[in-house]
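The structure is shown first, and the notes follow by topic.

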Amino acid sequence: MSYSREIDKKWQKIWEENELYKFDRNKLDKKLYCLEMFSYPSGANLHVGHWYNFGLTDSWARLKRMQGYNVFHPQGFDAFGLPAENYAIKTGIHPKDSTMKNIDTMKRQLKEMGATFDWDYEVVTCAPEYYKWTQWIFLQLYKKGLAYRKNAPVNWCPSCKTVLANEQVLDGTCERCNSEVTRKNLTQWFFKITEYAQELLDCLPDLDWPEKTKKIQTNWIGRSEGAQIQFKVDSEDKSSDITFNVFTTRADTLYGVTYVVLAPEHDLVDKITTPEYKDAVEEYRKQVTKVSEIDRLSTTREKTGVFTGAYAIHPLTGEKVQIWIADYVLGGYGTGCVMAVPAHDERDYEFAKKYGLDIIRVIKGKEGVDDNLPFVEDGLLTNSAEFDTVPSQEARLGIVEKLAKQGKGELKVTYRLRDWLVSRQRYWGAPIPIIHCEKCGTIPVPEDQLPVELPYNVVFTPDGESPLAKCEEYINTTCPTCGGHARRDSDTLDTFVCSSWYYLRYPDNKNDKEAFNPEWINKMLPVDKYVGGAEHAAMHLLYARFFTKALRDMGYLNFDEPFLSLIHQGSILGSDGQKMSKSRGNTVTPDEYINKYGSDVFRMYLAFGFAYIEGGPWSDDGIKAIDRFVGRIDRLVEKFISERGKASSNTMGADEKELNFVRHNTIKSVTQDTDQFQFNTAIARLMELVNALYKYDLLNNKNMGLLEDILKDLIKLLSPFAPHFAEEMWQTMGEKESIFNQSWPTYDEKALVKDEVELAVQFNGQIKFKINVPSNSDNNEIENLVKNDSRSAQYLEGKNIVKIIVVKGRLVNIVVK
RNA sequence: GCGGACAUGGCGGAAUUGGCAGACGCACUAGAUUUAGGAUCUAGCGGGAAACCGUGGGGGUUCAAGUCCCUUUGUCCGCACCA
């Protein structure tokens, strides 16, 4: 039977009946946890990206299975989130209903892929059995002091009507809907990811992750070494000493400070502003809140600021310097205050020029260095008392040391990373398990009362207030501590919270006593291979690492990192080379192709047509080529079956040796390439083997025994990419047991050694001809063979041989003069 | 503005990490087979008549460079007043 959709169905049914892909919980010595980032069940069908991610990772998993690994390959759904809720607002269809329906559809399609997923371990984040434990983890973080509430300026998306984490703001816009993000002061829940900033950084080098991704995380964490220096606010009233700290990486420029700047939102501003400047300061602060996030992020925007009327005392010189506020100083970074050294900082220079503030040079360039102001590089100190002529690097330490003795400074490391804002003013998420009591304050829901279930009957009118806040029977409750009237937290958790621990739940998804059994999970984790989109480099992957470390420190886990090895698939573009989108009309619908060609052809085209981590444009011609390739194999097998039993030789002549060489070379390459997610070259090698088999098949007197062995190897090598088709061919060959219970072919080094090898012969680096030499010749013999070859004469005539370079098995280069 | 990645035939993409550039496939051409084919099989296929020239452009290191170094252009990505 030639390959078709029917073959897919036939084998999917048999695999399911035989429970072929059930994970064996008893053989953990060779367990291998293979995981794709789970998917959001959107209304649309499985798209090419899912196929590319899941289908080919499955091919990898199949290789590993046949190599003897006990592969754990689960699948599930990241089912909470905004789209379902927005859909509900538009259509009135409840998020739970639409989501569950979508999950059914996606699950059916995933099954049609014919992957090795073991659905017994399915996880759905919007199920109470799952989010119960999401809430439980929230409470553990709360107990540990890693979840806290604070009032802070937060990113607000007016279109999504919710707050966003810093990571979810791209260039001042919402990563989801592209609306411009505004600032709002709100009391919200945060996770203290900053507590782990250093460790998140320290563990990166040892991870088998793409360098680019590590770099993104490194930048996102943004470690910066410097010093914290204390300034005193000048005041007539000696009894009320107000001090504040600045963070600087350039303590060596301390003597060049001519003013200091506070962030407009800094708490101190109200306390120190003198009455006559009050109005100007208030006006300025008002303006700043009006400036859009986008404008504020712009580096080209002219700097603005106002004087507060207050002065600070320079910690070393004792001189008075003006205190300004300006929005180029950020409230959330460092201490929110900056010592301004206009001579040696571009921003301060620009600001000082504009407002006529003093500029004092304290760094001179070394000999020959152009040190026109602003001079921002290291140099030698000047105008800096006893530090004159000291190099910057040394002075940074010396000056801090001097300050430290007076209790006015210390070395300090700061990070760009901020705490993770997890509250969302939305309905379709895991409820925050917290109760607010007027008498007792913030009270965690007792663990035995989890899950705090989402009420079903809520109103989705888009009036800006979240459905939970409007749901009286949900909001009103009793305080677990005093029994009095209290209100539930009306927010839900960022969906990234749900996806920060799902990999821990998979292996123990039916556990109703605990989020996961630590003993079991410590055996099953970490994930050995994790595959998913690069867009999660800064968010999901950082959050998941944080969760793992936090749970480890609470004693639930004994490993440091969740994902040892990570791969990002590229993205498949439309055939016009543009990103697929409905508006461009260049989308590829997998179902159409699968109905026409079968799922294996679709999968194998994805394997063959692109460098996996690059992706690229879709091509209808490309998939036809794979269809043809499958047909070629089919015909080859059919022909062999029809000729089996006919006259056969059993000699290993030159033709057999050549074929056998290709066979073992294919085994070697396919094994290596597939292991490294280089599926395109693996398929290319398979095509070469098929071409070699066709060539051999033209001969009159064939070695049928050898042919059979090679065909079987071919089918095995093909099976990860075309599981249904390979299973069918395997059966056609007369085999009874599933091909996926066979062991992966191994190559014979001896078959890869040819009697003769072809070498390129170069004169002065230019290739002139090729020569065949026995493969066991030594360099001397090769040199002689080349020199005595008649074709060499014309290049040697009247010349002296300066040097001969022999590269074994590749080329000979004769340098003549 | 800063940082990183990439650039190879008409096209998708290979190249053992410094060693025969263009594997494999598409498209194209020719032949075979076929009543016919858009099916199948075989062969050819970077440019050039050739010497030779060719991996975005220019320079360098080396016996040897797509690969290393410098410089320049273009595309994509990350960060973007981070003190």
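Angles between axes under 35 degrees count as roughly parallel, over 145 as roughly antiparallel, 65 to 115 as roughly perpendicular and the rest as oblique. The axes are lines fitted to C-alpha atoms, for helices over the stretch in contact, and angles run from 0 to 180 degrees between N-to-C directions. The model is predicted: local features need pLDDT of at least 70, side-chain atom pairs count only at pLDDT 80 or more, and totals for chains, interfaces and linings use all residues. Residues are numbered from 1 along each chain as its sequence is written, and side-chain values use heavy atoms, with hydrogens and water left out.

**Packing of α21 and α23**

- Helix α21 (residues 620-643) and α23 cross at roughly 40°, and their axes come within 11 Å; α21 and α23 are therefore oblique to each other. Helices (H or I, at least four residues) and strands (E, at least two) are DSSP runs, numbered from the N terminus.
- The crossing of α21 and α23 is left-handed (the near helix is turned anticlockwise from the far one by less than a right angle; clockwise would be right-handed).
- On the α21 side the contact (heavy atoms within 4.5 Å) includes I626, F629, I633 and L636, and on the α23 side it includes L686, M687, V690 and L693.
- By class, the contact of α21 with α23 has nine nonpolar, one polar and five charged residues. Ala, Val, Leu, Ile, Met, Phe, Trp, Tyr, Cys and Pro count as nonpolar, Asp, Glu, Lys and Arg as charged, and the others, Gly among them, as polar.

**Packing of α22 and α23**

- Helix α22 (residues 654-675) packs against helix α23 (residues 679-697) at an angle of about 165°, with the axes 8 Å apart. That angle makes α22 roughly antiparallel to α23.
- The crossing of α22 and α23 is left-handed.
- Among the α22 residues that meet α23 are L659, V662, R663 and V670, and their α23 counterparts include L686, L689, L693 and Y696.
- The contact of α22 with α23 has ten nonpolar, four polar and six charged residues.

**Salt bridges**

- A search of the whole structure finds 48 salt bridges (a side-chain nitrogen of Lys or Arg within 4 Å of a carboxyl oxygen of Asp or Glu).
- E302 pairs with K354 in a salt bridge, the closest N and O atoms being 3.0 Å apart. E302 lies in the loop between α10 (293-297) and β13 (305-313) and K354 in helix α11 (residues 346-355), so the pair ties together parts that are 52 residues apart in sequence.
- K354 is partly exposed, with a relative accessible area of 37%. Buried means under 20% relative accessible area, exposed over 50%, partly exposed in between (1.4 Å probe, protein chains only).
- D494 and R424 form a salt bridge through their side chains (3.0 Å, N to O). D494 lies in the loop between β25 (492-493) and α15 (495-498) and R424 in strand β20 (residues 423-424), so this pair ties together parts 70 residues apart in sequence. D494 is buried, as is R424.
- D713 and R663 form a salt bridge, with their closest N and O atoms 2.8 Å apart. D713 is in helix α24 (residues 704-718) and R663 in helix α22, 50 residues apart. Both D713 and R663 are buried.
- A network of salt bridges links E199, R545, K549, R552, D553, D560 and E561.

- N660 lies in helix α22 and is buried, with a relative accessible area of 12%.
- Leaving aside neighbours within four places in sequence, N660 is in contact with M652, L706, I710 and A751.

Key:
Chains are lettered from A and ligands numbered from 1 in the order in which they are written.
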